[in-house]
Amino acid sequence: MVDNEAFTYNGGKVEPGETQNIRYGISETYLGDPVRIPVTIINGERPGPTVFLSAAAHGDELNGIEVVREVAYEWDLSDLAGTLVGMPVVNVPAFIAQQRYLPIYDRDLNRSFPGSETSTGAKRMAYRIYQNFIAPCDLGIDFHTSTRGRTNMLHVRADMSDPDVARLANSFGSHVIIDSSGSDGMLRTEAAARGTPAITVEMGEAHRFQRELIDEALAGVESVFAEYGLRETSTVNWPGWRTVISDENEKTWLRADAGGIVDMHHDRGALVHEGDRICTITNPFKDDNVTVEAPFTGLLVGVLENPVVYPGNPLCHLVELKDDVRRVVEREQSAASEMTL
Ligand SMILES: [Zn+2]
C-alpha cells in the first residue's frame with residue numbers, strides 16, 4: 001500500500017500518522033504580540049484527500065467551532081485515509097471581541113480571501129490562512145450561522161454549477177441547498193475558483209452552541225467523509241427529501257413595513273402555506289397589529305430571533321418548494337406534530 005504524504009505548511013511538516021496542534025501566527029496586535037489561530041492537522045497513515053473544516057470566520061458564529069472540535073478530538077480517526085485540517089476559530093480577533101467582523105475598521109474576513117501579502121490587515125491575515133491551510137486542501141467546509149438576532153435551519157450554500165462543488169454539497173446530505181456562486185472574497189467562492197471545492201454550512205444563530213444543529217452537522221461531515229473515502233465506517237447520508245433552491249425558485253427575505261415588536265408564529269424550518277400568518281408586528285399597546293402573511297407556499301429557512309424591527313428590517317427568509325418536495329415535507333411535519341400530541 002502507498003503511504004500518505006506529509007502535510008507541509010510554512011514553518012512545519014506533519015508526517016503520515018502524526019497529529020499536530022498548531023498556533024499559527026497570522027498578524028500582530030498593537031503591542032506587537034502575535035495573533036495566532038488554532039489549527040489541528042491530523043495526517044492519516046493511509047492516502048486520501050486533504051479536507052479542511054473551518055469555523056468562526058465571522059467571530060460570533062459559534063456552532064461550527066464545536067463541529068470542528070468534535071471531529072478532530074472526539075472521533076476515532078485512527079483509520080483516516082487522507083488528512084484533516086481543522087480550524088475551529090479562523091477569525092481570532094473577532095472571536096475575542098465576540099463580534100462578526102474584525103474589530104479594526106469592521107472588515108469582513110470572509111470577503112478578504114484569498115488575501116494578499118501586501119494589502120490590508122484583513123487580506124494579510126486571509127493570505128496566511130489561505131496559503132498554508134486552504135490551498136493545500138482537496139475540498140473543505142466552512143461553518144457559519146445566521147447573523148446576530150436571526151436564526152436559520154441548517155442548510156448548505158454552494159455553487160451547484162460547479163460539478164465538484166455539487167458533489168460535495170450533495171454528499172453533506174442536508175434537506176436544503178441554496179445554489180449561489182457567492183461573493184468575491186468569500187472563502188468557499190475563492191477556494192472553489194482555485195481548485196479546492198468548498199461549501200458553506202449555515203446553522204442556527206450566533207453566540208450559541210445548539211446541540212441538535214451541531215449533531216446534524218456532524219452527520220453531514222460523516223457523510224462527506226464516506227463520499228470521499230476518508231473513513232471506512234461511514235456511509236453517505238440521504239436526508240429523505242432535498243430541495244435545491246436556485247434562481248428559478250421564489251425566495252425572499254420578507255421585510256417589516258412597520259416598526260414594532262414581533263410575535264413570530266413559526267420556527268425555522270417550518271412549512272407555511274400561501275396566506276398563512278407568519279408573524280404579527282405589535283406596538284406597546286397591542287393595538288393596530290400588523291399581520292404578515294406568506295406571499296407563497298414555502299419553507300422558512302431563516303427567521304427573526306430578536307423580536308424588534310424598524311421598517312425595512314428582515315423578518316424571515318422564505319423559499320418556495322416544488323410540489324413533490326412540498327408534499328414530502330407536509331407528510332413529515334404532520335407526522336412530527338402527531339408524535340408530540
Ligand atoms: Zn457567517
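**Figure 1. The interface of domain 1 and domain 2 in the predicted model.** About 1,500 Å² is buried between domain 1 and domain 2, and carbon and sulfur atoms account for 63% of this area. The size of an interface is often expressed in this way, as the accessible area lost when the parts come together. The domain assignment places domain 1 at residues 7-243 and domain 2 at residues 250-340. To the contact, domain 1 contributes 17 residues and domain 2 contributes 18 residues. The centres of the two domains, taken over C-alpha atoms, lie 30 Å apart.

**Figure 2. Polar and charged pairs across the interface of domain 1 and domain 2.** The rule finds 1 salt bridge across this interface. E212 and R268 form a salt bridge in which the closest N and O atoms are 3.7 Å apart. This pair qualifies because the cut-off for a side-chain nitrogen of Lys or Arg and a carboxyl oxygen of Asp or Glu is 4 Å. Polar contact across the interface involves 6 residue pairs, with both residues of each pair at pLDDT 80 or more.

**Figure 3. The side of domain 1 that touches domain 2.** Two or more residues of this side are supplied by each of the strands β8 (150-152), β9 (155-158) and β10 (176-179), and by the helix α6 (211-227). The largest share, 3 residues, is that of β8. By residue class, this side of domain 1 comprises 5 nonpolar, 7 polar and 5 charged residues.

**Figure 4. The segment annotated by UniProt at residues 47-226.** An unreviewed UniProt entry assigns to these residues the feature "domain: Succinylglutamate desuccinylase/Aspartoacylase catalytic". In the model, the chain over residues 47-226 is 36% helix and 21% strand.

Figure 5. Most residues other than glycine have a negative phi, and most peptide bonds are trans. The phi of Q98 is positive, near 50 degrees, in a residue other than glycine.

Notes. Residues are numbered from 1 along each chain as its sequence is written. This is a predicted model: local features need pLDDT of at least 70, side-chain atom pairs count only at pLDDT 80 or more; totals for chains, interfaces and linings use all residues. Side-chain values use heavy atoms; hydrogens and water are left out. Domain bounds come from an automatic or database domain assignment. Contact means heavy atoms within 4.5 Å. Buried area is the accessible area (1.4 Å probe) that two parts lose on being put together, summed over both. A polar contact is a pair of N or O atoms within 3.5 Å; within protein, one must be able to donate a hydrogen and the other to accept it, and residues adjacent in sequence count only if both atoms are side-chain atoms. Helices (H or I, at least four residues) and strands (E, at least two) are DSSP runs, numbered from the N terminus. Ala, Val, Leu, Ile, Met, Phe, Trp, Tyr, Cys and Pro count as nonpolar, Asp, Glu, Lys and Arg as charged, and the others, Gly among them, as polar. UniProt positions are given in the numbering used here, feature names are shortened, and annotations may be inferred rather than shown by experiment.
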